[in-house]
Amino acid sequence: MTIHNEPAKEIIYKIAYHGPGMSGKTTNLRFIYNTLPGRQAGKMLVLDTAVERTLYFDFLPLVFSLPDGYNVRFHLYTVPGQSYYDASRKLVLRGADGVVFVADSRQERLQDNIESMEHLKKDLAEVLLDYGSIPLIMQWNKRDLPGVASVAELEAKLNQRKVPSFESVAVDGVGVFETLAAIAGGVTGVR
Amino acid sequence: MPARFLELMAGDVELIDAELRTLCARAGAEAVVLLDMSGAVLGYHRIPESIDVLMFSALLASNFAATEELSRKLGVTDFRVIYHEGRRQNLYFDKVSPETVLVVLFKDSNALGRVRLFCEKSVPELGKRIAEITKHPEAAEQIEQGRQAAASIRDIVASFRAPKGGS
């Protein structure tokens, strides 16, 4: 839910990074956190397990001050990718203004991506959000690894809405800010 | 379908802040925060500087949402309150509306009954205010102004494409 606090001159958007386990959602947020200056990126909260899988969610607040005195805040969350975290994934999606779907491009993870996309549709419906209209950006991650599916195949199997998509190597920052810029544009209505 | 926008005007913020200040004083609380279930802060009073209020709110909202979901799965339909008892400080959550929750931080030297009593007085007042906020006739127009302000972000968004240290 977008919150506009008129006296504080502040607008807050919630963006959820969704996708299968170990696809690179947390890596996206870590790169953003490590790259943006402290005045733009707040503290990053990571709730993970001993094997670095997101247990509940990661949270990274960003703030951008506009020349007219407005502060536009983006609250970035990641959802836990593993299918057995159904309940907590749904809760993180609650009130989201936009979604980034981070797919693992490797051929061997194609089925996991497809299942994760089905979870996304179901979870959005359960938190009363519409998959067909919510701002959505696709990210084809891990493009540097061997055995990746073609972009055409990923588009055909995962990008039913034909929304903008980006190839990425999140661990090196490739495609990370392009994706963020696109979803920021989507939720604010700026193209 | 939950509201997609929440429009807080100056009068709303003043009334919410006044109610939170009153609650804090009457309940003898350390701090109070009103938050949206998506994790955003709608108002707070006396949050210590040592606490990052954005992170605090994200965790509080998810904690409440998780317990609410757990209750639903157990068949509890009227879930409203969580009490978390710490060694020195306690947390009391009280649902204000389907998308809003009030959280009170208080010391163990304070009585839970006192906190509960004054939350029960404040929650209806805050609930009325939240309901009014969602009924603002000018909300759509105001959010459009917000969008226009947000349009200035275009330059910042473009800067994402060439971040320092990025590729």
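How do the residues of the lining of the largest cavity divide into nonpolar, polar and charged? Keep that in mind while you click around; this is a predicted model, by the way.

**Stop 1: two helices**

Select helix H2 of chain A, residues 86-93, and then helix H2 of chain B, residues 53-73. They pack at an angle of about 130 degrees, and their axes lie 10 Å apart. H2(A) and H2(B) are therefore oblique to each other. Turn the view and you can follow H2(A) as it passes H2(B) in a right-handed crossing.

Now show the side chains where they meet. On H2(A), the contact is made by A:Ala87, A:Lys90 and A:Leu91. On H2(B), look for B:Ala65, B:Ala66 and B:Glu69. Colour this contact by type and you get four nonpolar residues, two charged and no polar.

**Stop 2: the largest cavity**

The count comes to three cavities of 30 Å³ or more. Go to the largest cavity, which holds about 80 Å³ of space. From chain A, select A:Lys14, A:Tyr56, A:Phe57, A:Tyr77, A:Leu91 and A:Val92.

H2(B) gives the most, with three residues.

Back to the opening question: the lining of the largest cavity divides into eight nonpolar residues, three polar and one charged.

Note on methods: Residues numbered from 1 in each chain as written. Chains lettered and ligands numbered in written order. Predicted model: local features only at pLDDT ≥ 70, side-chain atom pairs only at ≥ 80, totals over all residues. Heavy atoms only, no water. Axes fitted to C-alpha atoms, helices over the stretch in contact; angles between N-to-C directions. Helix = DSSP H or I, 4+ residues; strand = E, 2+ residues; numbered from the N terminus. Parallel < 35°, antiparallel > 145°, perpendicular 65-115°, else oblique. Left-handed = near helix turned anticlockwise from the far one by under 90°. Contact = heavy atoms within 4.5 Å. Nonpolar A, V, L, I, M, F, W, Y, C, P; charged D, E, K, R; others polar. 1 Å grid on protein atoms, 1.4 Å probe; cavity = no way out; pocket = protein on both sides within 12 Å on 5 of 7 lines; lining within 4 Å. Points joined across faces, edges and corners; volume = space filled by probe spheres on them.
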